[in-house]
Amino acid sequence: MTHHTSRPAPPRRTRGIVLLVLTILGLAGAVFVVRRPLMMSAPACMAGRWHGCFDTFNGVVLLTLAALPPAALVVWTLARRRRAAGVMSAWRISLAEVGLVYGTVPFLWMTLMPGGGDGTAPARVSLVPLRDLATMGPIGIGGNLLVFAALGLFAPMRFAAFASVPRVLALGAGCSVLVETAQYVLRLDRVTSVDDVLVNATGAVLAALASRRWWRTTTKEEPADRPRPAPSPAR
């Protein structure tokens with residue numbers, strides 16, 4: 001007789017450790033690839049100079065990487081407090097809150113960086129869909145996909161009101177319209193393009209679909225900040 005035995009599923013902790021290790025290796029590989037451009041901005045950032053650090057892409061990326069350990073510490077602190085208060089999904093909620101800020105602010109900063117002719121160059125507007133995609137190139141399209149990726153990834157995990165693909169699409173498109181409007185009003189020597197709105201919103205939706213396994217259960221749980229009721233004593 002042959003006995004069909006199924007292998008037990010790996011523990012959740014083991015899968016979490018594997019995911020963490022892969023994430024660290026991916027970040028380390030990315031840092032190794034861009035180490036030379038980042039080191040060019042390191043002296044200006046360490047000296048706290050605006051020029052050469054806060055007004056360059058390399059400087060913002062370097063500061064973002066440097067802020068990763070403090071961001072992880074904030075996640076840990078918030079999760080510990082929530083778990084002590086009996087809040088459900090404390091780690092997921094804390095990660096979503098910090099991830100929303102950490103993953104969105106740097107890209108917004110780079111998007112709103114002025115060009116060489118800021119304040120003097122005439123405002124440029126492109127309202128024809130798909131016309132600017134050819135001029136963006138792979139790097140430009142990839143960058144635009146990441147602008148609101150963290151918003152689409154974490155907003156449905158934190159707020160049940162956004163646990164829907166159409167709502168994430170509307171959120172990403174609305175935020176992108178605000179950014180494009182700011183570029184036009186502030187005359188940052190950038191093209192205010194409808195294609196940027198389309199690509200930014202698409203990036204938010206793709207990120208939301210990647211985290212759907214976690215945010216679909218948000219609506220089935222209690223509100224994030226409401227502690228679990230204490231069990232009533234048995235009579």
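Predicted model: local features only at pLDDT ≥ 70, side-chain atom pairs only at ≥ 80, totals over all residues.
The protein chain comprises 11 helices and two strands. Read from the N terminus, these elements follow the order α-α-α-α-α-α-β-α-α-α-β-α-α. Of the 235 residues in the protein chain, 31% count as buried. Among contacts between residues at least 6 apart in sequence, 71% join residues at least 24 apart.

The packing of two helices is described by the angle between their axes and by the distance separating those axes. For helix 5 (residues 68–84) and helix 6 (residues 90–111), the angle is about 145 degrees and the axes lie 8 Å apart. The crossing of these two helices is right-handed. On the side of helix 5, the contact is formed by Leu68, Ala71, Val74, Val75, Trp76, Leu78, Ala79, Arg82 and Arg83. Helix 6 contributes Ala90, Trp91, Ile93, Ser94, Leu95, Glu97, Val98 and Tyr102 to this contact. By class, the contact contains 13 nonpolar, one polar and three charged residues.

Ser94, which is placed in helix 6, has a relative accessible area of 0% and is therefore buried. Not counting residues up to four places away in sequence, Ser94 touches Val75, Leu78, Ala79 and Arg82.

The loop between helix 5 and helix 6 contains Ser89. Most residues other than glycine have a negative phi. Ser89, although not a glycine, has a positive phi of about 50 degrees. With a relative accessible area of 24%, Ser89 is partly exposed. A positive phi is also found at Arg187, a residue other than glycine, with a value near 55 degrees. Arg187 lies in the loop between helix 9 and strand 2 (191–193), and its relative accessibility of 36% places it in the partly exposed class.

Helix 6 also takes part in the lining of the second largest pocket. About 160 Å³ of space lies in this pocket. Its lining consists of Phe54, Val60, Leu63, Thr64, Ala67, Val101, Tyr102, Val105, Pro106 and Trp109. Two elements, helix 4 (57–66) and helix 6, each give two or more residues to the lining, and helix 6 gives the most, with five residues. The lining residues divide into nine nonpolar, one polar and no charged.

Helix 8 (residues 149–158) is largely enclosed by the rest of the structure, because nine of its 10 residues are buried. The buried residues of helix 8 are Ala149, Ala150, Leu151, Gly152, Phe154, Ala155, Pro156, Met157 and Arg158. The elements covering these residues include helix 5, helix 6, helix 7 (133–147), helix 9, helix 10 (194–210) and helix 11 (212–215).

Within helix 9 (residues 165–186) lies Ser176. Its relative accessibility is 0%, and Ser176 therefore counts as buried. Beyond residues up to four places away in sequence, Ser176 touches Phe148, Asp196, Val197 and Asn200. Helix 9, in which Ser176 lies, is among the elements that cover the buried residues of helix 8.

Terms used:
Residues numbered from 1 in each chain as written. Heavy atoms only, no water. Axes fitted to C-alpha atoms, helices over the stretch in contact; angles between N-to-C directions. Helix = DSSP H or I, 4+ residues; strand = E, 2+ residues; numbered from the N terminus. Left-handed = near helix turned anticlockwise from the far one by under 90°. Contact = heavy atoms within 4.5 Å. Nonpolar A, V, L, I, M, F, W, Y, C, P; charged D, E, K, R; others polar. Buried < 20%, exposed > 50% of the residue type's maximum accessible area, 1.4 Å probe, protein only. 1 Å grid on protein atoms, 1.4 Å probe; cavity = no way out; pocket = protein on both sides within 12 Å on 5 of 7 lines; lining within 4 Å. Points joined across faces, edges and corners; volume = space filled by probe spheres on them.
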